[in-house]
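Please keep the sequence and the model in view while reading the points below.

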Amino acid sequence: MAEIATEQERSGEFWADCMARIAESRDKDSFMLLFDHFSPRVNAYLLGQGAAASIAEDLAQEAMLALWNKAHLYHRDKAAVSTWLFRVARNLWIDKLRKQRGIAYESDDNLEETVDADVRLNADGERLKAVLDTLPVNQAQVVYKSYYEGKSHSEIAEETGMPLGSVKSSLRLAIKAFRQYFGENGV
Amino acid sequence: MSQIEHHPQDDTLFSYAAGSLPAALALVVGCHLQVCSTCRSQVRSGESLGGELMTALAPKTLSDRARANVLQRLDMQQSQSDCEKVSVGSEAIVSPIAPVTGAMPSLLQKILKEQDFDALPWKKTIAPGLKQIVIDCGEGQARLLRITAGQKMPVHSHRGSELTLILSGGYSDTLGQFNAGDVADLDGSIEHQPLADDDMDCICLAGMDAPLLFKGWLAKLIQPFVGM
């Protein structure tokens, strides 16, 4: 049974099954599995973006409740649960802390995919982290600051002393490395 | 309709996916995504990466109180979401890829509360043949630019990043021909002199995260007045 899978063995498929059970039968046990796995990571993400501890905790709860409420909109063939949750968390963070950026994103109701993504990711975080570890320091740093700290290219240039053009090209090289990894490991 | 040939670069699209582009630049990307399926797909990849990276973070467990609170709210929301489940019989509203028509993108319509470029209060600039509308977006500068048909802009480069989306008409510069739907993704290393097409005014949405840097004495002189 999926329930006895260890934390290590839980794959994208496992989490997608949980979503399906929530959508079909409002299954609380499945939800709490998702909650216990993902909420500490959403929380860590929001803290990294500079949210105060109490705000991060509130938003992490909201993000998880969005999974519960919108599970019926989730399509496993379109995105990994982690992708979906990332989008929810990012939008919540923007709504709360970077309101001005809200003008540039589609609303929450459009969570559903509008196009088929090229990449189906089923990789687990640990392996991805390994890819991150193989990147040259400046590339890893630029990825880290873009994704985990929400920093713009020019903010990164200012903080690291790298020229703006190098920040951008480092990020492009890192994306290329990730693509290669996705290409090999994507489903 | 026209084929989109110039797209934002990967670093721009992935930063948009990460939520880390300043509002002015993100707005340009958002408007481009309304017409470009290629870039939507790239942003989805960037969001997948975001999801994986988020999963790789060292977990920071929520308080027991938060966990209990969420469990409790599940019950409270059960009936409500059941209703929601029923009412969303048709698929969720999604915005289809819009054709490139030279019309105002819906994201901009929301901000400007206007659908027609001609109805906007265009302001003259000191640069001949260039009018603009400044869009207040809090982070960086966004503006609509309207270059008179056949007009050549002063040679300039950019201190920070600049993204320009052609909304209507077209222009050419050393990087090529840019038509409606195309994006010029430039950083400080590019010096250019756009020339608007002859047949109609070129209307662009430009987002910048730092003020422009005009080259030459005339440009330096007019820069404070143009404010770009």
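In chain A, 56% of the 187 residues count as buried. The model is a predicted one. The points below take chain A as a whole, then one of its helices, then the sheet of chain B, and finally some individual residues in both chains.

**Chain A overall**

- Chain A contains eight helices and zero strands, and its pattern along the sequence reads α-α-α-α-α-α-α-α.
- Of the contacts in chain A between residues at least 6 apart in sequence, 59% link residues at least 24 apart.

**Helix 4 of chain A**

- Helix 4 of chain A covers residues 81-97, a run of 17 residues.
- From its first C-alpha to its last, helix 4 of chain A reaches 24 Å, close to the 24 Å expected at 1.5 Å a residue.
- Because 14 of the 17 residues of helix 4 of chain A are buried, this helix is largely enclosed by the rest of the structure.

**The sheet of chain B**

- In chain B, six strands make up an open sheet with the order 1-2-3-11-5-8, and their pairing is antiparallel.
- Strand 1 and strand 8 (183-186) of chain B are the edge strands, each pairing on one side only.
- Helix 2 (residues 23-33) of chain B packs on this sheet and touches strand 3 (141-147), strand 5 (162-168), strand 8 and strand 11 (202-208) of chain B.
- The direction of helix 2 of chain B makes about 135 degrees with that of strand 11 of chain B.

**Cysteines**

- A disulfide is a covalent bond joining the sulfur atoms of two cysteines.
- With a cut-off of 2.5 Å between cysteine sulfur atoms, the count over all chains is zero disulfides.
- B:Cys39 is in no disulfide, and the nearest cysteine sulfur, belonging to B:Cys36, lies 3.7 Å away.
- The sulfur of B:Cys204 has its closest cysteine sulfur in B:Cys202, at 3.6 Å, which is too far for a bond.
- B:Cys39 is buried, with a relative accessible area of 1%, and B:Cys204 also counts as buried, at 2% relative accessibility.

**Residues with a positive phi**

- Most residues other than glycine have a negative phi.
- A:Arg26, which is not a glycine, has a positive phi near 50 degrees.
- A:Arg26 sits in the loop between helix 1 (12-25) and helix 2 (28-48) of chain A, and with 9% relative accessibility it counts as buried.
- B:Lys113 is not a glycine either, yet its phi is positive, at about 55 degrees.
- B:Lys113 belongs to the loop between helix 5 (106-112) and strand 1 (123-124) of chain B.
- Is B:Lys113 buried or exposed? B:Lys113 counts as exposed, at 69% relative accessibility.

Terms used: Residues are numbered from 1 along each chain as its sequence is written. Chains are lettered from A and ligands numbered from 1 in the order in which they are written. This is a predicted model: local features need pLDDT of at least 70, side-chain atom pairs count only at pLDDT 80 or more; totals for chains, interfaces and linings use all residues. Side-chain values use heavy atoms; hydrogens and water are left out. Helices (H or I, at least four residues) and strands (E, at least two) are DSSP runs, numbered from the N terminus. Buried means under 20% relative accessible area, exposed over 50%, partly exposed in between (1.4 Å probe, protein chains only). Contact means heavy atoms within 4.5 Å. The expected span of a helix is 1.5 Å times one less than its number of residues. Two strands pair if DSSP finds at least two bridges between them. Axes are lines fitted to C-alpha atoms, for helices over the stretch in contact, and angles run from 0 to 180 degrees between N-to-C directions.
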